[in-house]
2 protein chains.
Amino acid sequence: MNPVVKPLPLSGMRITDRFFAPRIDLVRTQMLPYQWEALNDLLEDTEPSHCIENFRLAAGISRGEYHGMVFQDSDLYKWLEAVAYQLSVTPDPALREAADSAIRLIVQAQAPDGYLNTYYQTHPEEKRFSNLQNNHELYCAGHLIEAAVAFARNVGDTRLLSVACRFADLIDRTFGPEEGKLHGYPGHEIIEMALVRLFRQTGEKRYLMLARYFIDRRGQAPLYFEEEARRDGNRSFIWNETYMRYQYYQAGKPVREQTAAEGHAVRAMYLYSGMADVSAETDDPSLLEACRALFDNMASRRMYITGAIGSTHIGEAFTYDYDLPNDAVYGETCAQIGLCFFARRMLNAQMDGRYADVLERALYNSVLSGMSLDAKRFFYVNPLEVVPEACEKDDRLRHVKPRRQKWFSCACCPPNLARLLGSLPSYAFSAGDDTLYMHLFISGDVCAALAHTEVRLSVESEYPWDGRIRLAVHTPGQYGIAVRIPGWCRGYELKVNGESVPSEPVSGYIELNRLWRENDIVGLDLEMPVLLMRANPAVREDAGKLCVVRGPLVYCLEEADNGSGLHLLRLPLNTVFEVRDEPQLLGGIRTIRCRAFRESRSFAEGQLYAPACRADETAETQLTFIPYFAWANRAPGEMAVWIREI
Amino acid sequence: MNPVVKPLPLSGMRITDRFFAPRIDLVRTQMLPYQWEALNDLLEDTEPSHCIENFRLAAGISRGEYHGMVFQDSDLYKWLEAVAYQLSVTPDPALREAADSAIRLIVQAQAPDGYLNTYYQTHPEEKRFSNLQNNHELYCAGHLIEAAVAFARNVGDTRLLSVACRFADLIDRTFGPEEGKLHGYPGHEIIEMALVRLFRQTGEKRYLMLARYFIDRRGQAPLYFEEEARRDGNRSFIWNETYMRYQYYQAGKPVREQTAAEGHAVRAMYLYSGMADVSAETDDPSLLEACRALFDNMASRRMYITGAIGSTHIGEAFTYDYDLPNDAVYGETCAQIGLCFFARRMLNAQMDGRYADVLERALYNSVLSGMSLDAKRFFYVNPLEVVPEACEKDDRLRHVKPRRQKWFSCACCPPNLARLLGSLPSYAFSAGDDTLYMHLFISGDVCAALAHTEVRLSVESEYPWDGRIRLAVHTPGQYGIAVRIPGWCRGYELKVNGESVPSEPVSGYIELNRLWRENDIVGLDLEMPVLLMRANPAVREDAGKLCVVRGPLVYCLEEADNGSGLHLLRLPLNTVFEVRDEPQLLGGIRTIRCRAFRESRSFAEGQLYAPACRADETAETQLTFIPYFAWANRAPGEMAVWIREI
């Protein structure tokens with residue numbers, strides 16, 4: 001069974017959004033060319049990636065040794081996927097040519113039997129598929145497939161698809177329930193959702209069945225990874241000493257018995273996305289139910305207010321309910337991107353605004369914070385509280401950086417950002433049989449295929465700065481337009497052609513099903529006051545603290561605006577906020593200012609502890625909050641999202 | 001030059017203190033016999049120590065392989081030192097016999113040339129003194145010397161002293177400035193202070209000069225450890241990737257240029273103690289000045305309110321100024337014991353109550369917390385905030401335990417506790433030429449040799465529960481008695497024979513120099529109200545929090561008395577405290593009760609963040625605080641020292 005509701009294809013929307021369009025342009029004009037240079041070891045001040053060179057080795061064009069991570073291939077595949085999205089929207093001969101050379105190289109590198117992994121091809125002494133838990137062959141295959149489908153679908157170039165199918169066929173001959181096949185599954189998931197995509201592109205059901213096999217087999221006793229580790233004296237099982245153990249890979253128990261988001265956060269998101277995909281294509285309610293439980297656990301107990309996930313750097317992983325340290329957080333950019341993947345799938349499986357709320361929260365905050373405003377520097381880790389001295393001197397916080405990096409030896413996040421930003425239309429809209437769903441308020445021109453109608457409309461707004469959204473209908477006829485009322489919104493007005501439409505959202509959406517005329521205008525006005533948020537009292541790290549939000553944006557304090565010692569600032573609950581449009585600041589943002597207090601207790605020189613004789617001494621002060629996504633674009637300094645309440 | 005002021009020898013005081021005497025008894029009747037069994041691998045439910053067996057291997061009595069840490073020998077030496085202290089006070093034939101067999105074994109194990117280290121003696125393929133930074137030969141030698149001097153001085157048994165001198169002579173032939181000698185120094189300090197002790201015991205100046213050499217050479221360019229690491233391709237330099245690097249060993253720069261307490265906290269304390277010793281014996285003001293700067297940095301910026309030191313488990317080390325996380329703290333019991341060593345030496349070098357304040361703070365809080373009330377279980381790490389679930393599930397807190405352990409594979413802390421508790425007289429009193437100094441208020445009968453007088457007196461108090469202290473003078477004559485006025489004390493009265501003596505403390509001491517008559521009574525009444533303390537505003541972790549103290553004791557909340565969710569409790573500054581004597585609770589303590597508030601905010605099921613519409617909702621509640629040293633003697637649960645202020 002195919003799902004009734006499908007995300008909009010990229011070709012279905014031309015994005016004109018004043019917030020996102022420049023960022024997408026930066027992906028094309030800055031990020032992707034920069035990454036291409038990185039992949040080709042042309043950057044002078046960063047460690048060489050060796051990614052392209054590894055493919056040249058595998059293709060027999062170069063001689064030398066493999067370098068880089070064991071999953072280095074995936075960097076090129078992710079780059080190619082992102083390029084495919086860009087080329088589908090904007091012609092770019094230079095990118096097209098670069099991609100073309102990359103594809104030709106990949107075609108050359110593929111082994112005659114279809115196998116393709118430059119690490120193993122340059123290490124013939126190591127046995128293929130012998131260390132699934134660590135060595136990422138199936139992960140790289142998954143990214144190859146994703147890139148291949150993206151190129152076939154969006155650029156009409158099927159050379160990579162042929163490569164991907166040949167490799168997928170080999171994997172299908174290698175893995176499966178039949179005797180003589182390996183009964184394993186990937187240590188790092190992604191091939192599950194990639195295979196579903198390949199099935200959708202090619203119609204070949206074997207790919208779907210293989211995805212289902214990987215998911216169903218995962219965590220079944222006897223544990224495949226345990227057997228694998230036993231063969232090499234447990235050397236490959238590097239998570240033995242942690243609390244997670246096999247749940248690091250989400251492989252400690254069958255997926256349908258997993259009820260809490262556990263282990264490596266990116267892997268978890270990719271697995272859950274694959275589960276949602278397989279559930280959608282095979283009509284498997286038990287799998288969807290597992291996805292729902294996992295999503296609920298994560299969104300209600302293990303997610304930062306910025307949408308960041310992964311509370312610890314140990315295993316880049318989830319920890320336990322309500323454990324959300326702001327300074328030691330991991331919050332890998334890729335994990336939040338994976339969360340967008342997962343949320344989008346859940347949204348299309350079950351049209352519920354909760355999923356879109358989480359998607360929007362992650363996208364506008366802890367995904368976008370992963371890149372600098374000029375798209376040239378990146379965060380791997382997205383903390384909610386930073387003291388630069390701590391990052392420098394506290395080895396427990398070594399993973400937290402007060403400034404973005406140019407590139408990483410494990411360069412997963414930058415191309416993942418490019419993939420996500422290049423495919424925003426599929427997150428903004430979904431098409432049902434008779435209804436077009438608007439999830440995100442991104443301006444642009446939409447052309448969506450419902451079951452019997454091709455619907456064209458355009459969206460115009462200043463989101464996320466303003467809650468005034470206008471849809472202009474271009475296709476007359478009887479069909480539904482469902483608009484999301486965000487979970488953060490406490491008051492809104494919906495109008496058609498200026499006339500109020502009184503209605504309550506159902507599961508976060510108001511559906512207007514009517515006979516539309518050309519140039520009908522749907523007006524949605526979302527109230528967007530500044531709000532002070534509290535965390536659930538079970539979140540120890542946020543006890544007694546408040547967070548400033550406005551609309552979908554989480555705000556933070558930076559030292560650049562507020563001086564150092566942010567932990568001494570205290571917000572009164574009744575403070576009055578002023579929202580100020582600052583087109584010149586940080587690429588054009590709205591700041592939030594308010595009155596607050598700064599503790600000014602005087603301690604004698606050298607005094608570490610002293611009796612508390614008086615109530616807190618405080619001095620009034622003025623604070624300036626900026627959107628979280630825009631932090632760390634000035635001189636490095638302190639940053640804080642959660643501020644003490646007075 | 002010998003220092004003018006010396007700590008009281010053990011023979012100079014019979015402790016009758018109702019707080020400490022039972023604990024010292026437990027050391028003799030419980031800890032030392034238990035540790036003897038541990039050293040002999042006779043405990044059933046703990047990993048074998050193999051310590052004695054290693055000596056048997058080295059002595060050629062047994063055959064087999066060395067097991068245990070590379071510094072396993074030190075466990076036996078520390079045990080012997082603690083036994084010596086006990087035997088000097090209380091005859092104990094069983095302990096004496098056990099010690100005797102241990103000493104005979106050590107004599108047998110010593111190599112003909114005087115070398116003694118069972119690891120190297122059982123690994124003849126490894127070269128002696130070739131890996132000073134990691135392999136602890138000089139550390140074990142230091143503990144051997146300490147035990148040897150303790151036995152010679154306190155028991156009159158000099159067999160171990162002969163062993164120690166022969167080994168010290170070999171070390172002296174091996175290390176030193178002369179060409180052909182090694183220009184190195186220990187990776188783990190202690191031999192410096194041990195050699196000074198050996199010099200004091202034997203009068204042999206070479207030992208003092210060797211101690212001075214180790215200290216003066218340390219951290220001089222070119223770095224010895226750097227050269228050592230270079231020889232084995234940096235394999236031995238395991239702290240390369242940390243912020244500390246060679247300062248992990250306090251060996252990154254010359255000791256006189258070190259101004260901040262850095263690196264492994266136990267090593268730091270042992271080094272600084274040795275520096276203070278060498279400074280005292282060589283009249284080296286630059287060395288004393290370095291000690292003072294290091295002490296000041298530590299006590300005013302890097303010490304917990306419990307006296308715990310070492311903010312991170314990475315390297316069991318100091319981090320940076322004001323970084324004092326309550327949950328992730330290390331606070332190794334041995335580090336606080338080392339702090340007592342250091343503080344005592346500073347106190348005798350410069351009679352200043354600041355040193356005694358720190359000594360007392362550590363002793364009554366984060367040293368004593370290292371052992372259970374029955375002296376059968378031990379903490380390595382002494383946290384100020386514990387949530388058992390976090391200790392179990394957060395791999396970053398794996399070093400923090402919510403309950404004490406029976407024994408450790410690295411069993412340094414239990415015998416160190418036994419050493420310290422067995423030598424309390426030397427911490428309680430010092431003797432100057434004409435003045436007896438009372439630092440700690442420990443009841444007992446004292447006999448101290450001043451320059452021209454042997455002074456006898458007795459002390460009686462219910463300290464730390466009560467501030468009423470009485471000294472009865474038994475030796476008539478003209479001399480001084482200096483009593484410490486603790487830094488925590490805000491009001492006191494000093495009387496002689498019931499008559500007030502108006503006086504102000506000088507550097508924390510009031511000296512009464514007069515013609516004493518027999519049975520003169522000095523009465524010191526220290527006000528001991530419950531105080532709420534704040535940390536310096538620069539301590540981010542304690543912002544907005546209060547700590548309850550009374551006299552020298554830091555108090556804490558335990559789940560057993562106050563339920564779970566301690567982070568939701570809030571203390572009003574004006575709360576009224578009730579001190580309650582509870583002889584049946586936790587071995588007899590005084591609890592502190594007060595009115596406080598518990599946040600009772602209601603969050604919808606599944607809601608992780610919500611707008612803060614109202615001020616905090618709180619419900620009045622009653623809290624019961626217990627002394628920090630007594631925590632974790634009931635069912636495991638939450639514990640907190642710092643409580644949020646309302």
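B:Phe71 counts as buried because its relative accessibility is 16%, where buried means under 20% relative accessible area, exposed over 50% and partly exposed in between, with a 1.4 Å probe and protein chains only. B:Tyr139 is likewise buried, at 5% relative accessibility. This is a predicted model: local features need pLDDT of at least 70, side-chain atom pairs count only at pLDDT 80 or more, and totals for chains, interfaces and linings use all residues. Side-chain values use heavy atoms, without hydrogens and water, residues are numbered from 1 along each chain as its sequence is written, and chains are lettered from A and ligands numbered from 1 in the order in which they are written.

**Aromatic pairs**

- Rings of Phe, Tyr and Trp (its six-membered ring) pair if their centres lie within 6.5 Å; planes under 30 degrees apart count as stacked, over 60 as edge-to-face and the rest as tilted.
- Over all chains, the count by this rule is 68 aromatic pairs.
- B:Phe71 and B:Tyr139 are edge-to-face, because their ring centres lie 6.2 Å apart and their planes stand at 85 degrees.
- This pair links distant parts of the chain, 68 residues apart: B:Phe71 is in the loop between helix H2 (51–59) and helix H3 (73–89) of chain B, and B:Tyr139 is in helix H7 (residues 137–154) of chain B.
- Helices (H or I, at least four residues) are DSSP runs, numbered from the N terminus.
- B:Phe237 and B:Tyr246 are stacked, at 4.0 Å centre to centre with 5 degrees between the planes, and both are buried.
- In chain A, ring pairs join A:Phe19, A:Phe20, A:Tyr364, A:Phe441, A:Tyr463, A:Trp465 and A:Phe629 into a cluster.

**Charges over rings**

- A charge sits over a ring if NZ of Lys or CZ of Arg is within 6 Å of the ring centre and within 35 degrees of the ring normal.
- A:Arg128 lies over the face of A:Tyr115, 3.9 Å from the ring centre.
- The charged end of B:Arg23 is over the ring of B:Phe19, at 4.2 Å from its centre.

Methods. Helix = DSSP H or I, 4+ residues; strand = E, 2+ residues; numbered from the N terminus.
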